[in-house]
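Reader: I would like to go through this model with you and ask, for each label, what the label rests on. Could we begin once the structure is in view?

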Amino acid sequence: MTAKQDERDRIAALREQIDQHNYRYYVLDEPNIPDAEYDRLMRELQALESAHPDLITPDSPTQRVGGAPLSAFTQVVHRMPMLSLDNAFDADEMAAWDKRVRDRLKLSGVVEYAAEPKLDGLAISLRYEDGRLVQAATRGDGTQGEDVTANVRTIKAIPLKLRGDDWPRVVEVRGEVFMPKTGFERLNERARKAGEKTFVNPRNAAAGSLRQLDSRITATRPLAMFCYGLGEVEGDHPAPTHDQAMARLRGWGLPISPELQVVQGVDGCLAYYADIGRRRDALPYDIDGVVFKVNDYAAQQTLGFVAKAPRWAIAHKFPAQEELTTVEAVEFQVGRTGAVTPVARLTPVFVGGVTVSNATLHNMDEVERKDVRAGDTVIVRRAGDVIPEVVSVVQEHRPAGTEPVVLPSHCPVCGSDVIKPEGEAVARCSGGLYCAAQRKEAVKHFASRKALDIDGLGDKLVEQLIDSDLIHDPADLFDLRLEQIAGLERMAEKSAQNLLNALDAAKQTTLARFLFALGIMGIGEAMAANLARELGSLQAIMALRLADLIAVKPSQAKTFHGWACGLGLPPTTPLPTLLGRAGAPKWFTEAHALMLVERFADLGSLCATGPEQVENAPTRQIDGVGDVLATQLVTFFHQPHNREVIDKLIAVGVHWEEGQGPAAPERQPLQGKTFVLTGTLSRPRDEIKTELQALGAKVTGSVSKKTDYVVAGEAAGSKLTKAQALGVTVLDEQGLASLLQGLIDTA
Ligand code: JCF
């Protein structure tokens with residue numbers, strides 16, 4: 001055998017293996033080799049083929065990379081028309097369709113239907129001759145489509161060669177090409193990073209990818225396909241029923257929906273529809289309904305067609321998740337935290353199963369990116385339980401004279417300045433609790449189920465109470481009198497009394513609920529529970545200082561001290577003015593500045609000490625409390641108006657049982673100090689080590705410049721020598737004892 005023959009055999013073997021793995025991956029969904037191994041086979045085949053270009057065949061798996069761009073697509077006349085589907089929008093329409101089918105078939109029993117999800121993609125016809133893919137065409141108008149063979153050949157889910165040998169000499173297979181959700185996200189992510197235009201949805205991305213004249217671009221797009229039917233078949237039909245025919249296609253290596261099922265009668269259809277509806281969001285691709293087909297081909301033949309759609313099939317559609325509507329106005333809402341959020345007021349539209357008349361625009365960056373304006377026609381999307389959003393603007397429909405949306409400079413509710421910090425997406429009203437919007441939201445939050453859970457105090461009622469000036473803050477709720485509440489809109493005396501009772505009941509609460517109810521930025525339900533458990537009492541929480549929560553390591557203290565004191569600023573400089581100055585260490589944030597203010601009046605007093613005085617070891621470690629949260633927490637309790645509300649709440653009788661919280665930590669006078677023990681000591685080393693650690697010291701095994709003390713016993717050796725060389729303080733046991741005694745005396 002010649003060397004060339006060996007390579008010919010190896011090439012054939014590799015192609016077969018790769019085809020087999022594609023089949024397992026795309027058709028069976030049961031890959032049995034890792035991606036890296038697949039890549040290795042592919043590379044080996046590529047290497048052999050480039051050494052022997054004469055052995056390259058068009059159906060080799062290496063030939064899916066796309067070819068030279070076309071100048072236009074050629075038209076293809078379908079030998080059998082590509083059908084579309086009639087739609088049913090509810091159970092009644094489904095029942096009516098089922099009845100028509102039974103009447104025409106003169107059947108009294110139930111009809112067997114084949115069911116599958118209806119993919120939101122692009123219909124394609126694949127023509128195989130002698131088992132080879134020879135043509136792929138889009139549906140077009142059903143009679144005539146475009147030749148997209150070069151593009152379709154790049155889709156790995158589509159076999160270039162059918163498996164086995166029991167296929168008709170000529171067979172046309174119809175199916176839907178689509179882009180899986182994850183592939184779509186990745187593609188858009190890539191486009192965003194490259195500063196390119198993103199696709200609105202997976203359907204558009206799939207269509208755009210298949211309509212590429214340059215198939216090398218199509219090759220980079222994550223397209224997939226499920227086959228759902230047959231076109232022209234030479235000779236006998238592959239099977240008597242649809243599900244059996246699909247099973248044969250699958251055997252030939254063609255991908256079929258894994259959800260394909262046979263169901264009985266219209267009840268079976270409706271149950272299948274409900275099941276897929278529940279799983280819709282979890283499916284890896286977009287669908288817009290479910291397709292049902294009479295399973296028996298002879299019965300399909302009897303039923304025939306009307307216009308372009310078969311009588312034997314129907315699409316039971318889900319409520320659309322995207323609809324077109326117009327933006328009547330863009331307004332700004334102020335939330336509990338003062339966030340000023342743009343909202344699109346829409347001409348009401350039925351989408352995703354509900355009528356939508358508002359959609360959030362999130363923030364100004366988003367408004368600018370999407371360029372949404374009053375008067376625009378927009379695509380609105382509501383998927384599953386998510387809040388409705390504006391997907392994009394239909395630019396072609398923009399009327400003349402629209403204006404870009406501008407962020408208001410003043411709060412639409414209270415008129416305070418709106419502040420949008422540089423680099424941040426969210427703009428905020430600076431009015432705080434002066435702002436009625438923030439007070440309303442604060443009271444709503446205070447009364448909500450996971451906070452004080454005040455039964456019967458709904459949003460509308462809170463708004464009335466604030467608008468009529470009956471309350472200003474949550475504490476005022478508890479001073480309300482029956483006749484005040486009964487005087488409000490839609491408030492009978494009975495419900496007014498119920499509310500008073502609910503208010504009374506809500507006074508008995510827990511520390512966690514109370515903390516959550518205060519609405520401190522960043523303190524959610526879980527964090528409130530954490531703080532209550534860890535600290536035990538409101539007093540302990542209110543007494544927290546940033547210095548209790550924030551660390552400054554020795555190295556940070558040194559760089560900061562050196563930098564701040566070397567700036568040559570006057571000693572009266574307030575420390576927060578150092579924030580954002582050139583050369584400031586990265587870790588020096590607002591939290592650190594405020595913490596230093598707790599300890600040093602100004603720059604002068606900071607520089608009058610050594611850098612080690614800037615070091616800080618926090619005494620409290622609370623899960624999840626980082627610098628930002630610590631600042632928000634401490635700042636909140638610093639505000640006099642917040643303290644006032646808290647005092648009022650307690651005065652009107654809001655109460656809870658206080659726990660102990662863990663004991664206050666022991667004083668740790670040796671925090672930050674590093675010890676090394678060496679030589680023979682009078683007590684076990686571990687005992688001394690534990691004692692030192694209890695006082696906050698770190699005890700290590702080797703001496704370095706960072707070591708503060710070496711405690712040397714009898715016959716100390718190299719560690720002692722090294723300590724002396726580095727100038728580290730050396731103590732004998734007596735010296736250690738007096739050091740510790742000194743600490744106790746000063747306590
Ligand atoms: O998934 C689809 N979009 C889909 C379209 C599925 C089917 O079973 C179809 C189809 C269009 C026509 N069946 C026909 C006959």
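Author: Helices and strands are DSSP runs numbered from the N terminus, a helix having at least four residues and a strand at least two. In this predicted model, serine 416 lies in the loop between β18 (389-393) and β19 (418-419).

Reader: Why is serine 416 called buried?

Author: Buried means under 20% relative accessible area, and serine 416 has 14% relative accessibility, so it counts as buried. Leaving aside its neighbours within four places in sequence, serine 416 is in contact with Ser409, His410, Cys411, Cys429, Ser430, Gly431 and Tyr434. Phenylalanine 675, by contrast, is 259 residues from serine 416 in sequence and 56 Å from it in space, C-alpha to C-alpha.

Reader: What makes serine 60 buried?

Author: The cut-off is again under 20%, and the relative accessible area of serine 60 is 0%, so serine 60 is buried. Serine 60 lies in the loop between α2 (35-51) and β1 (75-77), and, not counting residues up to four places away in sequence, it touches Arg15, Leu45, Glu49 and Leu160.

Reader: How do you know that the side chains of serine 60 and glutamate 49 are joined by a polar contact?

Author: A polar contact requires a pair of N or O atoms within 3.5 Å, one able to donate a hydrogen and the other to accept it, and the contact between the side chains of serine 60 and glutamate 49 is 2.7 Å.

Reader: Which residues of helix α17 are buried, and what do they pack against?

Author: In α17, residues 525-535, the buried residues are Met527, Ala528, Asn530, Leu531, Ala532 and Leu535, and they pack against α16 (511-517), α18 (538-542) and α23 (627-638). After α17 comes glycine 536, whose phi is positive, near 80°.

Reader: Turning to the whole chain, how many helices and strands does it have, and why is it called more spread out than a compact globule?

Author: The chain has 27 helices and 26 strands. Its radius of gyration is 37 Å, whereas the globule rule gives 27 Å for 747 residues, and because the value is well over that figure the chain is described as more spread out than a compact globule. The C-alpha atoms fill a box of roughly 105 × 90 × 55 Å, taken along the principal axes. Buried residues make up 44% of the 747 residues in the chain, and, among contacts with a separation of 6 or more, 68% are between residues 24 or more positions apart.

Notes
Residues are numbered from 1 along each chain as its sequence is written. This is a predicted model: local features need pLDDT of at least 70, side-chain atom pairs count only at pLDDT 80 or more; totals for chains, interfaces and linings use all residues. Side-chain values use heavy atoms; hydrogens and water are left out. Buried means under 20% relative accessible area, exposed over 50%, partly exposed in between (1.4 Å probe, protein chains only). Contact means heavy atoms within 4.5 Å. The radius of gyration is taken over C-alpha atoms; the globule rule is 2.2 Å times the number of residues to the power 0.38.
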